[in-house]
Amino acid sequence: MASLPSILGGLDPTSDRAVFRQIADQLREAIDRGRFKEGEKLPSEAELVEHYGVSRMTVRNSFSILQGEGLVHAEHGRGVFVRPRPPVRRLASDRFARRHREQGKSAFIVEADAAGSHPTVDSLEVKEEKPSQDISTRLGSVRRVLARRRRYLLDGRPVEFATSYLPLDIARGTQIAEPNPGPGGIYARLEELGHQLDHFEEEIRARMPSPSEVKTLQLASGVPVIHLIRTAFDTSGRAVEVCDTVMAADAYVLSYQLPAT
């Protein structure tokens, strides 16, 4: 690593911005410019204390800001490290292409392959249940659904968990109700059952996670989640599945192609 004076500037004594915020600003800029790369350890508290002539508490407050922004994470006894950038690019216009299902690949496997990561699924639960009012309305006022809950991991790291809700008259007694729905996932099975998929509608919002979501996705302090609700429609216009997904925001880039007309 280059010397600190060549990477970080000095403090501005005339500024009304708090010293610990000035230090956080300089560290953030150095990260954004790639002077501290993904996975690289930041200068230690002692090094920053010496460089800026401040107290350890001031440096710790600066680190806390960056941790709250999700830019860095602390490892006990080792130091503070730059968090990796999102490894998965989710291309909305391609992830549900029929050719992937015909190749026996689910959308998650396609994305993992593109990222060069190893995908796994755990915490799988499949059961019949009464849906919430929102899910029922999205599926055409159904009273009972088949719910498929699962957590997705890339290279052993949890990145999202999702629940798919399907009308019982479609899913009950089919391979969709099995823990492993087979090659191509549940969308391939839906089409085999005569529900040719026509389009998907997605609603996306970002928010801070609940305590259970922090635990399930093993999120670092300050990392938000992306909450996505997707509805799949067949060619008759029927809603055949609603998928409620929560994703670690530091694990994904959502990419869209929009028509110009």
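The following questions and answers concern the fold of a predicted model.

In this predicted model, local features need pLDDT of at least 70 and side-chain atom pairs count only at pLDDT 80 or more, whereas totals for chains, interfaces and linings use all residues. Residues are numbered from 1 along each chain as its sequence is written, and side-chain values use heavy atoms, with hydrogens and water left out.

Me: How many helices and strands does the chain have?
Reply: Helices (H or I, at least four residues) and strands (E, at least two) are DSSP runs, numbered from the N terminus. On that basis the chain has 10 helices and 10 strands.

Me: At what angle do α3 and α4 pack?
Reply: Axes are lines fitted to C-alpha atoms, for helices over the stretch in contact, and angles run from 0 to 180 degrees between N-to-C directions. The axes of α3 (residues 45-52) and α4 (residues 56-68) lie 9 Å apart, at an angle of about 115°. That makes α3 roughly perpendicular to α4 (65 to 115 degrees; under 35 is roughly parallel, over 145 roughly antiparallel and the rest oblique). The angle is about 115°.

Me: Which residues of α4 make the contact with α3?
Reply: Contact means heavy atoms within 4.5 Å. From α3, the contact is made by E45, A46, L48 and V49. The partners in α4 are R56, V59, R60 and F63.

Me: What is the angle between α2 and α4, and how are they oriented?
Reply: Helix α2 (residues 19-32) packs on α4 with the axes 8 Å apart. The angle is about 50°. The two helices are therefore oblique to each other.

Me: Which residue in β9 stands opposite T231?
Reply: Strands β8 (residues 225-234) and β9 (residues 239-248) run antiparallel and are joined by 9 bridges. The residue opposite T231 is V242.

Me: Which residue in the turn between β1 and β2 has a positive phi?
Reply: β1 (residues 72-75) and β2 (residues 79-82) pair in the antiparallel sense over 4 bridges, with H73 opposite F81. They form a hairpin with 3 residues between them. The residue with a positive phi, of about 80°, is G77.

Notes:
Pairing = 2+ DSSP bridges.
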